[in-house]
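Subject: Structure handover

Hello,

Here is the structure for you to look over. My notes follow it.

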Amino acid sequence: MSKSASYTFGLVGLGVMGRNFILNVADNGFSALGYDLDEEKARSLREEGGNPDKVDATSDLGTFVAGLSLPRKIMLLVPAGNIVDRVIEDLLPLLDEGDIIVDGGNSFFRDTDRRETYLKEKGINFFGAGVSGGAEGARRGPSIMPGGNREAYAHLKPIFEAASAKYKGEPCVAYLGPKSSGNYVKMVHNGIEYGLMQLTAEIYELLKTAGRLDNPAISDAFHRWDQDRLESFLVSISATILKQKDDLGSGYLVDKILDKAKQKGTGKWTSQNSMDLGIPMPTIDMAVSMRQLSALKDHRETLDERFGDLEVPEWTPEDLLPKAEAALYFAFIMTYAQGLHLLTEASEDYEYNLNMETIAKIWRAGCIIRAELLADIAQAYGANPELPNLVLAPELTDAIGSCLPAIREVVAYGAKYGISIPCLSSALSYFDAFSSGRLPLNLVQAQRDYFGSHTYERTDQEGIFHTEWPKG
């Protein structure tokens, strides 16, 4: 690279995501310089970029930092954890006051708060910016969720807006709030992602087991649904996956893939934090648990031999398919509702000042949970910014009500014949509990008071009460 070159944007970490994102930035008119310890990765980017005035790369950190215009805008796309801290420490001696570091990985939001405080004392602006869309999204346009100093974001805004996905011309990026708000929103995005993925898999299992549908037929059903109200990235790719033939054998590839799903932790963090804040999100919790349960393959096979002998009667596709579609749509609404409820509570507790309409809008394209339903969700929060939970939105009342008979029939069928659809079941249970004016928790409070003198409130009088319950 030329010693006199001055690049607008810098990126550390030239793996698949980093290389794709920096090429995306360069394609959108911003000169970009990449850095990686691995000279081979730097060389690969130089070759793919083709024009060193537009995009270049180096394996020398001093050259990298010196080649960036002020204030330096450096994005890290490296694995979450200690490596982020190591890169920051390597960069710090070379930076000037007012420079900006952006962590684009899936860092835990508490780590982002710690880093933001630490770097603020040194005059460096630190952003946590969730990036969703996978490798293809990074190259063609992801959804970007930045949080940090509002004034410093002005330097990032034109770059991120140009590189982000677009929904009807609107960029799928927006300043979300201070501190770790960006990483927090991405964490919840991933929790919702866990839920939607598991729900789609359960509908696949239902169609396969109850409907006796083969992979092409299920793929066709998903494709039709993707043309209507279930239009979404996950339904679309599921339709594609189910038609993929096995290059290493006969039949379809999906049938040869081991049913043990891995995870990187963001779904678990979402569930854990929802417990901390007291926000119910059973569908997302169950999706996390199902990945953990899937790892117990040997035990599952043992129990299947003992208990898996229920005969499942065929559910005619003509009757099953519309009910499965309605059940999935209902459960999608409940999953988004749970995630957005957590964001609403976290916004207040962590002083993020999040705007739910904005979040729904930047999820409409580019990200893994993108879906046409998010346009309706954005409209609901636009009509009522103080909406405490999406289930209460008048805009969705008719859709929820029309889907209820189908989800009830689907869940009942699964329970009766031993088809594992726990996330669909939890979505219905969540709604039924949320829409019940009276729950049996009065007995729970009485039990707590009986064994622990934890007290209770009454329906007919104000105050806190305790009873000396008879023993024995």
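Which backbone oxygen does the side chain of serine 181 reach at 3.0 Å? That of proline 178.

Before the rest, the ground rules. This is a predicted model: local features need pLDDT of at least 70, side-chain atom pairs count only at pLDDT 80 or more, and totals for chains, interfaces and linings use all residues. Residues are numbered from 1 along each chain as its sequence is written, and side-chain values use heavy atoms, with hydrogens and water left out.

**Serine 181**
Serine 181 is in helix H8. Helices are DSSP runs (H or I, at least four residues), numbered from the N terminus. Serine 181 counts as buried because its relative accessibility is 0%. Buried means under 20% relative accessible area, exposed over 50%, partly exposed in between (1.4 Å probe, protein chains only). Neighbours within four places in sequence aside, serine 181 is in contact (heavy atoms within 4.5 Å) with Gly147, Leu176, Tyr352 and Leu354. Phenylalanine 109 is 72 residues away from serine 181 in sequence, yet their C-alpha atoms are 7.6 Å apart.

**Annotated sites**
The unreviewed UniProt entry places the feature "binding site" at several residues, including Asn106, Asn190, Arg448 and His454. UniProt positions follow the numbering used here, feature names are shortened, and annotations may be inferred rather than shown by experiment. The annotated residues span 349 residues in sequence, and the farthest two C-alpha atoms are 48.7 Å apart, so they do not all gather at one spot.

Asparagine 190 also lies in helix H8, which covers residues 181-209. At 6% relative accessibility, asparagine 190 counts as buried. Asparagine 190 touches Asn106 and Thr266, not counting residues up to four places away in sequence.

Histidine 454 sits in the segment after helix H19 (441-452). Histidine 454 counts as partly exposed, at 39% relative accessibility. Arg448 and Asp449 are in contact with histidine 454, leaving aside neighbours within four places in sequence.

**Domains**
The chain is divided into domain 1 (9-179), domain 2 (186-434) and domain 3 (441-472). These bounds come from an automatic or database domain assignment. The C-alpha centres of domain 2 and domain 3 are 38 Å apart.

Best wishes

Definitions and conventions. Helices (H or I, at least four residues) and strands (E, at least two) are DSSP runs, numbered from the N terminus. A polar contact is a pair of N or O atoms within 3.5 Å; within protein, one must be able to donate a hydrogen and the other to accept it, and residues adjacent in sequence count only if both atoms are side-chain atoms.
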